[in-house]
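Dear colleague,

Please find below the structure that I am handing over to you, with its sequence. My notes on what was found in it follow.

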Amino acid sequence: MERAFASLCDFHITTTLKQHWTQDKFSYLARPRPDHGLMLLLSGSIDFVTPETVLHAHAGDVVFLPKGCRYEAVFLLPLGPIDNYLINFDSATLPVSTAAPALLRQNAAPECAQLFRQIVRDHRAQSLSALQQQGLLLLLLDAVFRAPAAPHTAVLD
């Protein structure tokens with residue numbers, strides 16, 4: 001029965017990461033991105049370079065990385081101590097109107113950072129049911145789109 005209700009939202013978190021970069025770039029040019037992704041940059045900046053465009057993302061920004069897109073992420077930040085949050089998810093019915101990374105929010109509110117941290121922590125601990133995963137992901141999306149922007153320094157780890 002839970003699966004029947006879970007299919008209503010059609011979101012499935014595949015992996016979550018608190019990223020720690022040890023290289024200055026990462027490429028999805030040769031092979032397309034396997035899942036959708038939501039990334040919160042905590043510090044530094046990243047250029048998402050596609051053959052057609054460049055998206056400049058900075059600390060506090062939330063970026064959508066669509067499934068199937070091809071890009072190279074160029075990290076404009078010191079390597080090692082800087083972490084970003086990434087939530088990869090799949091959805092068969094998500095209408096995607098972009099084939100390139102897209103900026104969803106600048107200067108995300110502290111609520112967004114708290115939800116990113118909670119989803120990453122709980123998913124890695126395998127303590128979430130499918131409905132809880134979907135619920136938290138929907139709360140995160142609501143916070144990204146509806147919460148007022150916070151000062152640039154509000155999203156700190």
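**Findings**

H123 has its place in helix α2. Please bear in mind that this is a predicted model. With a relative accessibility of 17%, H123 counts as buried, because the cut-off for that class is under 20%. The H123 side chain makes a polar contact with the side chain of T16, at 3.4 Å. Apart from its neighbours within four places in sequence, H123 is in contact with I13, T14, T15, T16, L128 and Q133.

I now turn to the nonpolar cores. The largest of them has 24 residues, and L38, L40, I87, F116, L137 and L140 have the most contacts inside it. At least two residues of this core come from each of β3 (36-41), β6 (62-65), β8 (83-90), α2 (110-124) and α3 (130-146). When neighbours within four places in sequence are left aside, the contacts of I87 include I13, T15, T16, L38, F116, L137 and L140.

Four strands form an open sheet in the order β2-β7-β4-β5, and their pairing is antiparallel. Strands β2 (25-27) and β5 (54-58) are at the edges with a single partner strand each, so one side of each has no neighbour in the sheet. From one strand to the next, the twist averages 15 degrees. β2 and β7 (residues 72-76) run antiparallel and are joined by three bridges; S27 has E72 of β7 as its bridge partner.

With kind regards

Key:
Residues are numbered from 1 along each chain as its sequence is written. This is a predicted model: local features need pLDDT of at least 70, side-chain atom pairs count only at pLDDT 80 or more; totals for chains, interfaces and linings use all residues. Side-chain values use heavy atoms; hydrogens and water are left out. Two strands pair if DSSP finds at least two bridges between them. Axes are lines fitted to C-alpha atoms, for helices over the stretch in contact, and angles run from 0 to 180 degrees between N-to-C directions. A nonpolar core is a set of buried Ala, Val, Leu, Ile, Met, Phe, Trp, Tyr and Cys residues joined through side-chain atoms within 4.5 Å. Buried means under 20% relative accessible area, exposed over 50%, partly exposed in between (1.4 Å probe, protein chains only). Contact means heavy atoms within 4.5 Å. A polar contact is a pair of N or O atoms within 3.5 Å; within protein, one must be able to donate a hydrogen and the other to accept it, and residues adjacent in sequence count only if both atoms are side-chain atoms.
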